[in-house]
Amino acid sequence: MKFSVNAIFLNLFFLQSVMNPASQQADRINKLFNYFNVAAAGMLLLVTFLIIYICIKFKQKKGDTSDPVQTSGNKKLEALMIVGPTLLLAFFFYQTIATMKGVAPDVPKNRQPDVIITGHQWWWEVDYPASNVVTANEVHLPVGKQLLMEMRSADVIHDWWVPQLGNKMDLVPGRSNYLWLNIQKPGKYIGACSEFCGAQHAWMRINVIAQNDDDFNKWLATNAKDAAQPADEIAIKGAELIQSKSCGSCHRIVGTAAISNVGPDLTHLASRQTLLTGLMENNENNLFKWISHPQEVKPGAHMPDFNLDKDSVNAIVHYLEELK
């Protein structure tokens, strides 16, 4: 069974580049990277010039059968060959340490994280502790603020990397790592888990949506609300099925009896752009396919197949489509 992926989403993914930084941290890393590029280009040009120069100057002349002059020992040249690389190494050592400290400064003892990211096989849990908001896969962040992100794992080692936003960070079971982030401009930034974490590693994408303060606060306020109540008989049936078919044993829907966090939070599922960390567009048709045959859509995912009949799936989908 094949599914088309949102073309815009794919285009955004392939356009992401470390050469197009969008955060203070990524900008510092990019500058260091450019220093290395300049040094490497200079070395390439120097070696190329010397090879060409030596080949021309010291090539055997026509009719010359004598051995070339043998020269040994040149203290000035030897000193230059030692001092030059040493100074270059010292420069890069200093710049690397300075960049590391600038990108990943120590975390103050009393500093609470602004966002907690927990990696699961194969999705991202996103927790905003100050606002009591929990969502999944789409990470909304404000621009122009120095944010502290706590990185955790619920199972195996994952790795968070959004190329335009800076450095990678491992998510390791049993410990917390921290990532500083200050995004400079609104937009959508796409990344992916960069540590092999199982069968669906390739479909553990990251979607960061950077917003100005007003838009971010509106999004936060909306997502702090309880789930919408079912508006009609089909939605009511869908809500009842979610409880009776044990969906609530894995998922959370705030304002209902579903309070688990084993699977993604569904409280505002319908407001997300994609399903299954970017595998498919978030629409009624794809949601129906996923609930009907999850192992065909994403083999190895922990979502079981409940063998629901078509009417039951339609009712659940109808209810979930109201959760905005």
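Student: Which helix do phenylalanine 216 and tryptophan 219 lie in, and how many residues apart are they?

Tutor: First, keep in mind that this is a predicted model. Both residues lie in helix H4, three residues apart, which is about one turn of the helix.

Student: And how do the rings of phenylalanine 216 and tryptophan 219 sit, what are the distance and the angle?

Tutor: Their centres are 6.2 Å apart and the planes are at 25°, so phenylalanine 216 and tryptophan 219 count as a stacked pair.

Student: Are those two buried or exposed?

Tutor: Phenylalanine 216 and tryptophan 219 are both buried. The buried residues of H4 are Phe216, Trp219, Leu220 and Asn223. Looking down the axis of H4, you find these buried residues within an arc of 100°, so they line one face of the helix.

Student: What's on the face turned away from the buried side of H4?

Tutor: That face carries Asp214 and Lys218, which are exposed.

Student: OK, and which strands do the buried residues of H4 pack against?

Tutor: They pack against strand E2 (123-128), strand E3 (133-136), E4 and E10.

Student: Let's do the sheet then. What's the strand order in the open sheet of five strands?

Tutor: The order is E4-E10-E9-E6-E7, and the pairing is mixed. Strand E4 (138-142) and strand E7 (169-171) stand at the edges with a single partner strand each, so one side of each has no neighbour in the sheet. On average, neighbouring strands of this sheet are turned by 30° against each other, ignoring direction.

Student: Where does H4 come in, which strands of the sheet does it touch?

Tutor: Helix H4 (residues 213-223) packs on the sheet and touches E4 and E10. The direction of H4 makes about 135° with that of E4.

Student: How many bridges join E9 to E10, and do the strands run parallel or antiparallel?

Tutor: Strand E9 (residues 187-193) and strand E10 (residues 205-211) run antiparallel and are joined by six bridges.

Student: How accessible are tyrosine 35 and phenylalanine 91?

Tutor: Tyrosine 35 is partly exposed, at 37% relative accessibility. Phenylalanine 91 is partly exposed too, at 34%.

Student: Which residues do ring pairs link into a cluster?

Tutor: Tyr35, Phe36, Phe91 and Phe92.

Student: What about charges, which ring does the charged end of lysine 168 sit over?

Tutor: Lysine 168 has its charged end over the ring of tryptophan 161, 4.5 Å from the ring's centre. Arginine 205 lies over the face of tryptophan 203, also at 4.5 Å from the ring centre.

Student: Last one: is glutamate 150 buried or exposed?

Tutor: Glutamate 150 lies in strand E5 (residues 147-153). The cut-off for buried is under 20% relative accessible area, and glutamate 150 has 6%, so it counts as buried.

Student: Which residues does glutamate 150 touch, leaving out those up to four places away in sequence?

Tutor: Glutamate 150 touches Pro113, Val115, Ile116, Ile117, Ser176, Asn177 and Tyr178.

How values were computed:
Residues numbered from 1 in each chain as written. Predicted model: local features only at pLDDT ≥ 70, side-chain atom pairs only at ≥ 80, totals over all residues. Heavy atoms only, no water. Pairing = 2+ DSSP bridges. Helix = DSSP H or I, 4+ residues; strand = E, 2+ residues; numbered from the N terminus. Axes fitted to C-alpha atoms, helices over the stretch in contact; angles between N-to-C directions. Contact = heavy atoms within 4.5 Å. Buried < 20%, exposed > 50% of the residue type's maximum accessible area, 1.4 Å probe, protein only. Arc of directions from axis to C-beta. Phe/Tyr/Trp six-rings, centres within 6.5 Å; stacked < 30°, edge-to-face > 60°. Lys NZ or Arg CZ within 6 Å of the ring centre and 35° of its normal.
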